[in-house]
Structure formats: structure tokens, C-alpha cells
Amino acid sequence: MRLSRYFLPVLKETPAEAQIVSHRYMLRAGMIKQQSAGIYSWLPLGLKVLKKIEDIVHEEQQRAGHIPVLMPTVQSADLWRESGRYDAYGDEMLRISDRQGREMLYGPTNEEMITDIFRSHVNSYKDLPLTLYHIQWKFRDEMRPRFGVMRGREFLMKDGYNFDLTKEDALHAYNRHLVTYLRTYERMGLQAIPMRADGGPIGGDYTHEFLVLAETGESEVFYDSDITDLSFGDRDVDFDDHAACQAVLEEFTSRYARTDETHDDAIFAEVPEERRRTARGIEVGQIFYFGTKYSETMGATVQGPDGKPVPVHMGSHGIGVSRLLGAIIEASHDENGIIWPEGVTPFHCGIVNLKQGDEAADGACDSLYKSLTALGLEPLYDDRSERAGAKFATMDLIGLPWRITVGPRGLKNGVVELTSRRTGESEELPPEEAVLKIAQIYGKAAS
């Protein structure tokens, strides 16, 4: 993409309403625009990152054998009355009526609807196990929406639901989701720590939250510092292997890590003092096992091996897709702007032309742009007639991991400058070698 043809409404000043880093940089980098309290339009740069995050979530869910569906945003109040949650959920639920006077709601979650789909189409234990998920917009009428996409009223969320014949099978689904989430977050450049949590209005005896450590986190967390040394890496876990998934769960949850809601001073005191840590954390996902809570209430049964009806065991698993974008910025930024991890960057690299209109510089930039594009990469070419300082400031603000700087002086020596946004380190390379290095970073073959 050529920046002269792109819609990137960057701001020089920080809007007064932006209280945390991610909100400030998302507004300044032209990623979002507030339409009303806690509700945002996603502008091109923000939407590109949101889609990158969404794609990773889809890929990891389907790697684990989970099946995508898409449920509507507006739900019937009748389903929620059937489960007993319509009145219990509270004021965060946006209740509405259609023109026929039927009571509806803008879905904050989908346990009732997915249970209704299941009971309508699945009748036998032979159709189990089954895990369905979707990525859809949700609405929760927060009393005090704040911090941009971190605590908005409308948000994009992946929610998945498993249906199993026995508790043992359902806990395997729980473990499988924990493994899937660990891989998902690492692909986004995040270390998300699973912490024992409270079930809240969804309920459940087993539940873990995934939190990213950040100063602006809404939760106080207590943890054993050893857990920050763990990495999922490139493990090839067999998701059908109960023991393998259980082993990963035990590895990542055996060390103390809890939110303030479930913190236990006595257990925490057993952690060696030099490893005890307190910090703030941003919740980016949560998994639940809640047994037959919804299936018994709503009649979601299957015919068991003995021919008798059996209520299925269920769990739900959520990832805050739009919230993740804010969490990544909170965890990866500096005083100049965002620093995107390679896995979610909106463009793979930036090209800065130091002397627009110079024949050699223009030609070299065009050649770099075409070479990178031919390899399936997306460069952002700043071809505006702006001073160099303004171009560098824009690139730093929007946070592309790599920048290729092209100028007449370097070209006389046959080189361009390749700069890492994260480290600030630069090296001079011939243009074709700069292309090769970018291609290797992103796993693209270059001839």
C-alpha cells in the first residue's frame, strides 16, 4: 500500500479522553474513532490488525478440531428465561423489543443459543464429542466504559462451547482449550498467564483466566515468577491425547498464579519469597467447565449407550479478540508509539523515501515495493512529499516491526538502511539483501 493512497488519519496531539497507552496510540495512529461511549468505528489500520488477530484465533481453533459457526447478535429473551439468566444477568444486558413487542436482547454471550442449536440437532452420544465456536460482536452495557477497546460496550469475541458425554471428556476439552489458547497468545507475541479465577455470571467449578501483565491491568495478580519462564514454543501437541493435554495444563498451572478474586495468602506464602510477585494484569480470555448447568435446565440430552437420555457436560471458552489488540499495545510500546509483534502487524514493513521526486530514490523504492509484494508481503510505502522527520514519526507511531529507509546518499553506495522498530538497531544492506532478510523473518521464500 502506498501511504499517499491510504486512509491513515494520524493525530499529533493526544485526545483528552485517552487515559491509557493503548487508547492514546490507537486514536493517534488513526486505528479507531469513538462513535459513542464505549463504541468505536474501526478504521483501516485498526481493522487490519483486528483481522490478523481473528485469523490466528480461527487457525488455532480449527487446528484443535473445533468447528466454526456464526450466531446472531440479537437473541430472544425466551431462551434466557428458560435458562434462568434473563433477570439474573443484570443491567449489563441491553434489553430491546422488536416491532411486534417481542422481548429481545443484544447478546453478551451465547450459552443459551448454542445449547438450543445443539438440542435441536444432536440426539446420540455417537455424535460426541463436539465443540462449536464463533467470532462475533457482543454488547455489554458497562456502567463506566473506559480505556478504549479495553473496556468498551461493543466488542469482538471468540466464544466456543464443548458438548461431551462425561465429565472426564469435558475436562479433556477444558485442557485442550488451555493448550490452544497458550499457542494462540504466543503467536501474537504475548505471554498470557493462566490463573485460577471466579466463574462469575457464567458459572462453573473449573475456570481459568488468561492475563497479560501490564501496569494498566484492571486486576491485581499474585504469581510465582517461575511461570514467566515458561513458553509453549513449537510443541506439536496431539489434541486427541488426553494425557498430553493434561500434562501441558499441569505444567502451566502448577505454579501459583491467581487474580485478587481467588488469591489465598496462606498458599502464596508457600512460594519462596524471592519468587513472589504482585502486578497488574489484563484479562484476554477465560475458559469454563460448568457441567450440566445449561443442559439440564434447557433439555440438552443425548441418548446414552444404554438407550437412556443423558444431559451433556458443557464448557465455554472465550477470547476477547478486540481487547487483545489493546493488550498487545499495552505490552509492546515505547514513548514513540506502538511496536507490533510480527504475527499481528498490519504491514510487514515500512518503506521510507527520504527524497520523494529524486529519480534514483523513487526507482529504488518502487523496486523494493514490487519485490516485497511479489513475495506475498505487504509493505507500506511512505511516498508522501513530507520531510524525513515526519515520515519517521509516523512509522514509529504505527509501529511496523521493520523499516527500510531509502535515500540518495545510501544509494550512491548501493545500500539502503534496514531498522528494527523493537531494538532501534540499523544495518546498511544492498536493496535485494534487505528484501531477502524481510522475507526470511516472515517465512517467505525469496529467489
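Which residues in α5 meet which residues in α6? Asp-169, His-172, Tyr-174, Asn-175, Arg-176, Leu-178, Val-179 and Leu-182 in α5 meet His-242, Cys-245, Gln-246, Val-248, Leu-249, Phe-252 and Thr-253 in α6. Contact means heavy atoms within 4.5 Å. These contact residues divide into eight nonpolar, five polar and two charged. Nonpolar covers Ala, Val, Leu, Ile, Met, Phe, Trp, Tyr, Cys and Pro; charged covers Asp, Glu, Lys and Arg; the others, Gly among them, are polar.

This is a predicted model, where local features need pLDDT of at least 70, side-chain atom pairs count only at pLDDT 80 or more, and totals for chains, interfaces and linings use all residues. Residues are numbered from 1 along each chain as its sequence is written, and side-chain values use heavy atoms, leaving out hydrogens and water.

Helices are DSSP runs (H or I, at least four residues), numbered from the N terminus. Axes are lines fitted to C-alpha atoms over the stretch in contact, and angles run from 0 to 180 degrees between N-to-C directions.

| Helix pair | Axis distance | Angle |
|---|---|---|
| α5 (residues 167-187) and α6 (residues 242-253) | within 9 Å | roughly 60° |
| α1 (residues 21-28) and α9 (residues 321-331) | 8 Å | about 105° |

The angle makes α1 roughly perpendicular to α9. Their contact is made by Val-21, Ser-22, Tyr-25 and Met-26 of α1 and Leu-325, Gly-326, Ile-329 and Glu-330 of α9. By class, the α1 contact with α9 has five nonpolar, two polar and one charged residues. α5 and α6 are instead oblique to each other. Angles under 35 degrees count as roughly parallel, over 145 as roughly antiparallel, 65 to 115 as roughly perpendicular, and the rest as oblique.

Conventions: Helices (H or I, at least four residues) and strands (E, at least two) are DSSP runs, numbered from the N terminus.
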